[in-house]
Amino acid sequence: MAPLRLGVLAIYMGGSRLEELAFFKRLSQEGRKIGVQVEVFTPGDVRGESARTLTYVPEKGTWMRKLAPLPPIIYDRCRYKAAANYQMLKAFRNRHSKLIFLSRPLANKWSMHQTLSQSTEIKPYLPATVRYTSVPDLLRFLKKHKLIYVKPKNGTGGRGILRIEQVGADRYLLQGRNHSRTIISPFRANERQLEIKLHSLRLSPDYVVQQGIPLTLRDGRVHDYRLLIQKNGQGEWEVTGCAGRIGPHRSITSNLHGGGSAVPQDRLLGYRFSPDKITGIKNEMNNFAHKLADFLEGKFGKLCELGMDIAVDPKGGVWLLEVNPKPSREVFRRIGQHGVYQKAVSRPLEYALWMSKQKKAPLSEETKTESN
């Protein structure tokens, strides 16, 4: 039997280098084991109903490019780092709406917060969030919550995030990363100096302002958790794994791309909580992940996987910081959980096989809505 052709929709980082090529290689290797042929291409590689796809050839240890009909099932791994990329990918999905897509795009940070706030089950897990309007409004929000984060609504990987904390009666601390992820030197100021600094940063409504959750460990570094929930080979949601992330010194984020380190979930929780408390926190994380995945599918349509950035406050309260429909799984490899990492790689392949076996009628109805 011929293998299932799975198209992986990717994006160039600049020049001809594909983002996530190492992951695509591992995806190809796992695909061969279960009868899935992975073919990587970008919207720019499409020629009518065909594409110049890349297929990994393990015997030669290299990638081979060929012109082939578009694969029938698409695994979208494009990150929308620029408006031009988003428009290009949206045009591809609209033009080829009869293909089966494993997932659908989600909203930006502000629209996502508005959508999630509609759920009475999910809203308690959300930090207070507002759209940036002006420096005076930001300062009022800061005085209310004492600790806030200012984030680009379309940002990824910790780019362009500011952390502002009120540390005294008229003393404030501003830290952050620029859009290249470089750590900004801490800025200590009174309210007037902070106001001048914020005006100089030229913030816009493209930013959101979010209540900060205390994430600092005893050594001063911040931490959070990355939980990965995916569809399995029966088309059902299942938590694949959860790992901790600790940011480098002087960093306000824990992202691995920004220099963060990966830590097993139990070990990181153990720095702050008793074994009984840890069991309850883990159960709450997993239950919340299923609620969130079901809710987002109800709002956006079929999804394949979700990466959830989760904070746990000093009392053990669980908070959702962000949700990502195109998550990395590197954190599991970093902590030596190779079985979990392999499962994280293979599950989209197994879900694609399951999708291919479903009756055509339900699939055609699903794909008709892809361009909406």
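Arginine 202 is exposed, with a relative accessible area of 75%. In this predicted model, arginine 202 sits in the loop between H5 and strand S13 (207-211). Its phi is positive, at about 55 degrees, although arginine 202 is not a glycine. Most residues other than glycine have a negative phi.

Is glutamate 20 buried or exposed? Its relative accessibility is 17%, and glutamate 20 therefore counts as buried, the cut-off for that class being under 20%.

The structure holds 27 salt bridges. Aspartate 309 and arginine 245 form one of them, with their closest N and O atoms 3.2 Å apart. Aspartate 309 lies in strand S17 (residues 305-312) and arginine 245 in strand S15, so that this pair links distant parts of the chain, 64 residues apart. Both aspartate 309 and arginine 245 are buried.

Glutamate 191 and lysine 143 meet through their side chains in a salt bridge of 3.1 Å, N to O. Because glutamate 191 lies in helix H5 (residues 191-201) and lysine 143 in helix H4 (residues 135-145), the pair ties together parts that are 48 residues apart in sequence. Glutamate 191 is partly exposed, with a relative accessible area of 26%; lysine 143 is partly exposed as well, at 37%.

A salt bridge also joins the side chains of glutamate 238 and arginine 347, at 2.7 Å from N to O. Glutamate 238 lies in strand S15 (residues 237-246) and arginine 347 in helix H9 (residues 338-357), so this pair ties together parts that are 109 residues apart in sequence. The two partners fall into separate accessibility classes: glutamate 238 is partly exposed, with a relative accessible area of 31%, whereas arginine 347 is buried, with a relative accessible area of 5%.

## The six-stranded sheet

Six strands form an open sheet in the order S8-S13-S9-S10-S11-S12, with antiparallel pairing. Strand S8 (129-131) and strand S12 (183-189) are the edge strands, each pairing on one side only. From one strand to the next, the twist averages 20 degrees. Strands of a sheet pair through backbone hydrogen bonds.

S9 and S13 run antiparallel and are joined by five bridges. Which residue of S13 is the bridge partner of valine 150? That partner is valine 209.

## Helices across the sheet

H4 lies across S8, S9, S10, strand S11 (171-177) and S13, and runs at about 140 degrees to S9. H5 lies across S10, S11 and S12, and its direction is at about 25 degrees to S11.

## Lysine 153 in a connecting loop

Lysine 153 is found in the loop between strand S9 (147-152) and strand S10 (162-168). Lysine 153 is buried, with a relative accessible area of 13%. Leaving aside residues up to four places away in sequence, lysine 153 touches Asn108, Lys109, Trp110, Arg131, Pro205, Asp206, Tyr207 and Val208.

Key. Residues numbered from 1 in each chain as written. Predicted model: local features only at pLDDT ≥ 70, side-chain atom pairs only at ≥ 80, totals over all residues. Heavy atoms only, no water. Salt bridge = Lys/Arg side-chain N within 4 Å of Asp/Glu carboxyl O. Helix = DSSP H or I, 4+ residues; strand = E, 2+ residues; numbered from the N terminus. Buried < 20%, exposed > 50% of the residue type's maximum accessible area, 1.4 Å probe, protein only. Contact = heavy atoms within 4.5 Å. Pairing = 2+ DSSP bridges. Axes fitted to C-alpha atoms, helices over the stretch in contact; angles between N-to-C directions.
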